[in-house]
Amino acid sequence: MRLGKDPELFPNCSLLDWEDKADRGKMGSSMCSRRQKKIFQTLFFLTIVFGFLYGLLLYYEMHNQLKKAENLSLKYQQHQEALSAQLQVVYEHRSRLEKSLQKERNEHKKAKEGKIIIQSLCIITVSNFDSTIHTPNSVVSNFGHRI
């Protein structure tokens, strides 16, 4: 037997097929009969077609998943923009409240200082008033003369 034409490697081809084809010179580089060659060609063609169809199916599925991901991304982006706008409103409101609170603190501080000044003036006035009007043993006028 020649190298490459082992019937054990190609069980579908009989030894007679090998010898007949080799003797007639019709076999050339092929190792099986025409019928088997056509079957192999058909199987190869079907494999290519099914591979192509499988590729199309994968492309279709990936395209659908991409569309879903884009829609979901758009939805989340819009949600994020809405939350960002709400956060901006809350921040502005907080800023206004802080300014208002600071203003109220300053007014309260001024009012408290004013009240303390007024109270101290009242105390000074009352104490001066008391010291000028009531003195022991005599009554003193506003001008400091004894009556």
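Biologist: Why is R94 called partly exposed?

Modeller: In this predicted model, R94 has a relative accessible area of 49%. Buried means under 20% and exposed means over 50%, with partly exposed in between. R94 at 49% therefore counts as partly exposed.

Biologist: What makes R94 and E98 a salt bridge?

Modeller: Their closest N and O atoms are 3.1 Å apart. The cut-off is a side-chain nitrogen of Lys or Arg within 4 Å of a carboxyl oxygen of Asp or Glu. The pair therefore qualifies. Side chains of opposite charge can pair when their charged atoms come close.

Biologist: Where do E98 and R94 lie?

Modeller: Both sit in helix α2. They are four residues apart, about one turn of the helix.

Biologist: How many salt bridges does a search of the whole structure find?

Modeller: One.

Biologist: Which residues form the nonpolar patch on the surface?

Modeller: I39, F40, L43, F45, L46, F50, F52, L53 and L56. Together they have about 930 Å² of accessible area.

Biologist: What does the secondary structure of the protein chain come to?

Modeller: Two helices and two strands. From the N terminus on, the order is α-α-β-β.

Biologist: How much of the protein chain counts as buried?

Modeller: Of its 147 residues, 7%. The accessible surface comes to about 13,700 Å², and 62% of that belongs to carbon and sulfur atoms. Among contacts with a separation of 6 or more, 6% join residues 24 or more positions apart.

Biologist: Where is confidence lowest, and where highest?

Modeller: Strand β2, residues 138-139, is lowest, at a mean pLDDT of 50. Helix α2 is highest, at 90. The mean for the protein chain is 79, and 64% of its residues reach 70 or more.

How values were computed: Residues are numbered from 1 along each chain as its sequence is written. This is a predicted model: local features need pLDDT of at least 70, side-chain atom pairs count only at pLDDT 80 or more; totals for chains, interfaces and linings use all residues. Side-chain values use heavy atoms; hydrogens and water are left out. Buried means under 20% relative accessible area, exposed over 50%, partly exposed in between (1.4 Å probe, protein chains only). Contact means heavy atoms within 4.5 Å. Accessible areas come from the Shrake-Rupley method with a 1.4 Å probe; for residues, only the protein chains shown count as cover. Patches are made of residues with over 30% relative accessible area and no salt bridge: like charges are joined within 9 Å, nonpolar side chains (Val, Leu, Ile, Met, Phe, Trp, Tyr) within 5 Å. pLDDT is the predictor's confidence in each residue, from 0 to 100.
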